[in-house]
Amino acid sequence: MQPFRTHTGIAVPLLRDDINTDQIAPVAAMRKLKPDYKTMLFFRARRRPDGGEDPDFVLNQPQFRAPGILVTGHNFGAGSSRESAVWSMLANNIRVIVAKSFADIYRENCLQNGLLPVVLSAADAEAFEARVVAVNGAGPFTVDLETQTISGPGGGDITFDIPAADRMRLIEGLDDIGLTLKHTDDIKAWEKRMTVAQPWLQTAHDSRR
C-alpha cells in the first residue's frame with residue numbers, strides 16, 4: 001500500500017454521528033464487475049429520489065468537490081466489514097478521516113489501506129470542526145503523521161495521538177502481509193547477529209537437524 005507521511009487537502013465537514021459502511025459505500029453501487037469506487041462514495045446521500053444530484057449534500061458543493069480530509073462525528077464506519085467503504089475514500093483522494101471515534105473494524109481497514117484515522121481530544125475536535133466550517137473549503141489543511149500535527153488556516157497546529165505500531169505501519173506502507181514479512185526479516189537479522197556473537201547457537205541448531 002502507499003506509505004503515508006503527510007497529506008494536504010481541503011477538509012470537508014460531514015458532522016454527523018453513526019455513519020455506517022452502507023451509507024459510505026452502498027451495496028447497490030457495487031453490483032458491477034468493476035465498481036467505480038470514486039462514484040460509489042456516499043452514492044445515495046449525494047442524490048435526490050429522482051436520481052438528480054442533491055446540491056445540499058456537502059460533497060456536492062463546489063468548494064468540496066476535490067476533498068482531501070473528511071471531518072466527521074462519533075462511531076464513523078459502523079456496520080459491516082466493507083473494504084469498499086475505505087477504497088471509495090481513497091478513490092476520491094481522501095487520505096485522512098478526523099472523527100470523534102471510529103468503529104473498530106473500519107479503523108483497522110483504514111490502517112490496512114493507507115488511510116489515516118485521526119481521533120482528537122474533545123476540545124481539539126470541537127476547535128478543529130469550527131475552523132473547518134469557518135474556512136469553508138477556501139484553503140487546505142496539512143496532516144503530518146511524522147510530527148502528528150494538523151496545520152492550516154484559522155489557528156495553530158493541533159496535535160494528535162496514534163499508537164506507535166499504527167504510525168509505523170502507515171509511514172512504511174505496511175499492510176498485514178508486509179508487516180508479517182517485516183517481522184520475518186527482523187527475526188532473521190536477529191538470528192544472524194546471535195550466531196555471529198555466539199556461534200555455539202548455530203552448532204546446537206545444526207545438531208538437531
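Is Glu108 buried, partly exposed or exposed? I found Glu108 partly exposed, at a relative accessible area of 31%; buried means under 20% relative accessible area, exposed over 50%, and partly exposed in between (1.4 Å probe, protein chains only).

Notes on the source. I am working from a predicted model, in which local features need pLDDT of at least 70 and side-chain atom pairs count only at pLDDT 80 or more, while totals for chains, interfaces and linings use all residues. Residues are numbered from 1 along each chain as its sequence is written, and side-chain values use heavy atoms, with hydrogens and water left out.

Count. I get 8 salt bridges in the structure, each being a side-chain nitrogen of Lys or Arg within 4 Å of a carboxyl oxygen of Asp or Glu.

Helices H4 and H6. I looked up Glu108 and found a salt bridge to Arg169, with the closest N and O atoms 3.5 Å apart. Glu108 is in helix H4 and Arg169 in helix H6, so this pair ties together parts 61 residues apart in sequence. (Helices are DSSP runs of H or I, at least four residues; strands are runs of E, at least two; both are numbered from the N terminus.) Arg169 is buried, at 6%. I also noted a salt bridge between Arg107 and Asp166, at 3.0 Å, N to O. Arg107 is partly exposed at 22%, and Asp166 is buried at 11%.

Asp22. I found its side chain in a salt bridge with that of Arg44, at 2.8 Å, N to O. Asp22 lies in helix H1 and Arg44 in the loop between helix H2 and strand E2, so the pair ties together parts 22 residues apart in sequence.
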